[in-house]
Amino acid sequence: YFADVALEYRLAPNSPFPAAVQDVLLLTYLYLLNPPADSGIAPVDPKTIFIMGDSVGEVKPLYFALLY
């Protein structure tokens with residue numbers, strides 16, 4: 001099973017740190033680990049999640065890994 005998820009996160013200066021990290025955590029929890037019953041998405045085993053980013057987005061997976 002493979003799922004590709006892309007998201008837009010809140011940006012500074014309108015949404016200062018840690019807003020973007022919170023967005024990543026929220027997406028991971030709500031849509032991957034514990035999706036809504038009517039979403040049609042099966043829960044994902046946390047051990048199988050791979051998160052990556054590009055440019056500044058590369059830092060967010062690091063924060064995510066440290067927080068999770």
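1. Where is the place of Tyr 9? Tyr 9 sits in the segment before α1 (19-33), and, at 25% relative accessibility, it counts as partly exposed, a class that lies between buried (under 20% relative accessible area) and exposed (over 50%), with a 1.4 Å probe and protein chains only. The C-alpha atoms of Tyr 9 and Ala 20 are separated by 5.2 Å, although these residues are eleven apart along the chain.

2. This is a predicted model, in which local features need pLDDT of at least 70 and side-chain atom pairs count only at pLDDT 80 or more, while totals for chains, interfaces and linings use all residues. Residues are numbered from 1 along each chain as its sequence is written, and side-chain values use heavy atoms, with hydrogens and water left out.

3. The protein chain has two helices and zero strands, these being DSSP runs (helices H or I, at least four residues; strands E, at least two) numbered from the N terminus. Of the 68 residues in the protein chain, 22% are buried.

4. Among contacts (heavy atoms within 4.5 Å) with a separation of 6 or more, 33% involve residues 24 or more positions apart.

5. The protein chain exposes about 5500 Å², of which carbon and sulfur atoms supply 61%, the areas coming from the Shrake-Rupley method with a 1.4 Å probe. Tyr 31, which lies in helix α1, is partly exposed with a relative accessible area of 40%, and together with Leu 26, Tyr 29, Leu 30 and Ile 41 it makes a nonpolar surface patch of about 450 Å².

Note on methods
Patch = residues over 30% accessible without salt bridge, like charges linked within 9 Å, V, L, I, M, F, W, Y side chains within 5 Å. Salt bridge = Lys/Arg side-chain N within 4 Å of Asp/Glu carboxyl O.
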